[in-house]
Amino acid sequence: MLEKMAAFFENRLTGYDEHMLTVIEGAVEFYKFTAAQLPSTERCAILDLGCGTGLELEEYFALNPSANITGIDLSDGMLSALENKFPYQKLDLICGSYFDVPFGKNRFDAAVSVESLHHFPAEQKRSLYKKLCDSLKAGSYFILTDYFAESESLEREYFENLRQLKSEQGIFDHEFYHFDTPLTVEHERMVLKSAGFSQCEILKKWGTTHTIKAIK
């Protein structure tokens, strides 16, 4: 049965960090790699989309403990776990959907998202990425580490499977339900560019997970 997104993660809070680090190929490495791409300047402002329990922030605060983090996540339990990890760091944590939360204009030195955005179609991502691009300072960038569909046919299959499941379960609302629908990495880059990012470079990959750097 499909679960609403927030409930899915609330129900899996226990053991979540261990699961992410041991089940996903390359996770131990890609969290470190992602953190290393973020700014090292003191007190820089970073936006984290779908921050969860802050696995990327564990690595980042080791490199830049003075960074100011704005983290957005649907799960209040995840945010509480994150806050408990870092009692002395500068955190502004928002429980809500990053599609709905305003980001502001020319505010952040960089943004990051790890293993969160593979649940949404291109048209939803385009509006999100436009808002994200507007929130970044000139010349700043977005580091996206996520997993992607290996082909266009697989991408279509994921979305069709979700459509069928929602139909079978009588789900007709517009709530977010947990089901993976990754785009191909090529389609992801196209969406980022159409939203206003000038460059979208693949920095590294681990199996189907890639890190993309999108520069405003």
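Two strands are taken to pair if DSSP finds at least two bridges between them. Strands (E, at least two residues) and helices (H or I, at least four residues) are DSSP runs, numbered from the N terminus. The model is predicted, so that local features need pLDDT of at least 70 and side-chain atom pairs count only at pLDDT 80 or more, while totals for chains, interfaces and linings use all residues. Residues are numbered from 1 along each chain as its sequence is written, and side-chain values use heavy atoms, with hydrogens and water left out.

The strands form an open sheet of seven, ordered β3-β2-β1-β4-β5-β7-β6, with mixed pairing. Its edge strands, β3 (90–95) and β6 (199–206), each pair on one side only. From one strand to the next, the twist averages 15°. Strand β2 (residues 68–73) runs parallel to β3 and is joined to it by six bridges; I69 stands opposite L91 in β3.

Contact means heavy atoms within 4.5 Å; axes are lines fitted to C-alpha atoms, for helices over the stretch in contact, and angles run from 0 to 180 degrees between N-to-C directions.

Most residues other than glycine have a negative phi. R43, which is not a glycine, has a positive phi of about 55°. R43 lies in the loop between α3 and β1 (45–49), and counts as exposed (over 50% relative accessible area, 1.4 Å probe, protein chains only) because its relative accessibility is 57%. N106, in the loop between β3 and β4, also has a positive phi, near 50°.

Conventions: Buried < 20%, exposed > 50% of the residue type's maximum accessible area, 1.4 Å probe, protein only.
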